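Reader: I am new to this structure. Please show me how to read a few of its features.

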Amino acid sequence: MQPRNMSMSGVVDLAAVKAAGEAKAKAEQVRAEAARQGGTAAVSPSALVIDVDEAGFERDVLQRSAEVPVVLDFWAEWCEPCKQLGPLLERLAVEYNGRFLLAKIDVDANQMLMQQFGIQGIPAVFAVVAGQALPLFQGAVPEAQIRETLDQLIQIGEERFGLTGIVVDADADDSAPAARPVGPYDVLLEAAMSALDAGDLAGAVQAYKNVLADDPAHPEAKLGLAQAELLQRVQGLDAGVVRKNAADNPADVAAQIAAADLDLVGGHVQDAFGRLVETVRRTAGADRDAARLRLLELFEVIGADDPRVTAGRQALARVLF
C-alpha cells in the first residue's frame with residue numbers, strides 16, 4: 001500500500017463555525033465538571049498509549065477528546081506496515097508528553113469501528129478532537145510528516161477547542177509490572193481444570209469467566225475459556241450430520257460454523273480456518289460477521305503465536321479488504 005497523506009483534510013469540516021462552537025462549548029463543559037470534581041489526575045507515560053475497543057470507545061475516546069486530542073491507530077497483527085508505524089506513534093505519544101493520547105484499535109476485533117470510520121486499508125490514523133473526527137494519514141508515512149501532522153492537530157486542539165492536554169507524571173515507575181492478584185485466581189483456575197476433568201464444561205466456562213471478570217487480560221483464563229466454550233459447543237453434536245449439512249448447504253453459515261468447530265476439535269486446524277475464511281468471502285452483513293467472529297474465537301483457541309493463526313489472519317485480511 002502506498003502512503004496516502006490525508007494530513008488535515010478534515011479541518012475544513014471542523015472549521016465550520018457552528019460545529020466548532022458547539023464542540024468547544026461541550027469540551028469546556030466537560031473540563032469544568034472535571035475541575036469541580038477535583039481535576040484530572042496526572043498519568044504515567046505508559047498511560048498515554050491505550051488499547052480501545054467498541055465497548056469502551058465512548059469513554060476512552062469521545063469523552064477523553066474533551067481534554068486532549070485522541071489519535072486513533074487502526075492496525076492488525078497481520079499488517080506488516082502497522083508493525084513499523086505502531087511503535088513510532090507510541091514513541092511520539094510519550095515524547096509529546098500528554099499533548100495527545102494514542103488509542104490503538106485492532107480492526108479484526110472491532111469491525112464496527114472500522115466501518116464507521118470508513119477504513120479501506122490499514123494502517124490508518126484518525127484523530128478525535130472535542131468529539132469531532134478527522135482523518136490524518138494512511139499507510140507508512142515518514143516520521144517528519146507525522147510530526148508535522150501532529151503539530152497541526154495539537155494547534156487546532158488548543159486554538160479552536162481550548163485543549164491543553166493531560167498532565168504526565170514523569171516520575172511514575174512504568175518499569176515495574178503491575179502485580180497480579182494471586183489469592184483467588186489459583187483456586188479458580190484449579191476449579192476450572194477440575195471441572196474440565198469431570199466433563200463439567202459449564203462449570204469450567206464459569207470458573208474462567210470469574211477470573212476474567214477481575215482480570216480481563218489473564219492469558220491462561222482467556223485461552224481456557226476459548227477452549228472450554230469450543231468443547232461446550234460441539235458437545236452432543238452428531239459429526240456425520242453436521243458435516244453432511246455443511247457439504248449439502250455451502251451457503252448455510254450456521255452449518256459451516258458448526259463444521260469448523262468440529263474441524264478444530266478434530267485437529268484439522270487449517271481446514272477449520274479455511275472453511276470460515278471462505279464463508280466470510282462469500283457472505284455479507286450479519287452472516288459475514290457471524291463467520292468472522294467465530295474465526296477470531298478459533299484463533300484464540302490455537303493462540304496468536306501459532307503460524308497457522310498468522311496465516312489465517314492474513315487470509316482473512318485478503319477477503320475483508
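Reader: What percentage of the 321 residues of the protein count as buried?

Author: This is a predicted model. In it, 44% of the 321 residues count as buried. The protein has 14 helices and six strands.

Reader: How much of the contacts with a separation of 6 or more comes from residues 24 or more positions apart?

Author: Such residues account for 72% of those contacts.

Reader: Which residues have the most contacts inside the largest nonpolar core?

Author: The general idea comes first. In soluble globular proteins, nonpolar side chains tend to be buried together. Here, the largest nonpolar core has 28 residues. F57, V61, L72, F74, I119 and I122 have the most contacts inside it. Two or more residues each come from α3, β3, β4, α5 and β5. A second, separate core has 27 residues, including A226, V234, V301 and L320.

Reader: What does V61 touch, leaving out residues up to four places away in sequence?

Author: V61 touches V52, G56, V70, L72, A103 and V128.

Reader: At what angle do helix α13 and helix α14 pack?

Author: Two packed helices are described by the angle between their axes and the distance between the axes. Helix α13 spans residues 285–302 and helix α14 spans residues 307–320. They pack at about 165°, with axes 10 Å apart. α13 and α14 are therefore roughly antiparallel to each other. The crossing of α13 past α14 is left-handed.

Reader: Which residues of α13 and α14 meet?

Author: From α13 come R288, R292, L295, L296, F299 and I302. They meet R308, V309, G312, R313, L316, V319 and L320 in α14. The residues of this contact divide into eight nonpolar, one polar and four charged.

Methods. Residues are numbered from 1 along each chain as its sequence is written. This is a predicted model: local features need pLDDT of at least 70, side-chain atom pairs count only at pLDDT 80 or more; totals for chains, interfaces and linings use all residues. Side-chain values use heavy atoms; hydrogens and water are left out. Axes are lines fitted to C-alpha atoms, for helices over the stretch in contact, and angles run from 0 to 180 degrees between N-to-C directions. Helices (H or I, at least four residues) and strands (E, at least two) are DSSP runs, numbered from the N terminus. Angles under 35 degrees count as roughly parallel, over 145 as roughly antiparallel, 65 to 115 as roughly perpendicular and the rest as oblique. A crossing is left-handed if the near helix is turned anticlockwise from the far one by less than a right angle, and right-handed if clockwise. Contact means heavy atoms within 4.5 Å. Ala, Val, Leu, Ile, Met, Phe, Trp, Tyr, Cys and Pro count as nonpolar, Asp, Glu, Lys and Arg as charged, and the others, Gly among them, as polar. A nonpolar core is a set of buried Ala, Val, Leu, Ile, Met, Phe, Trp, Tyr and Cys residues joined through side-chain atoms within 4.5 Å. Buried means under 20% relative accessible area, exposed over 50%, partly exposed in between (1.4 Å probe, protein chains only).
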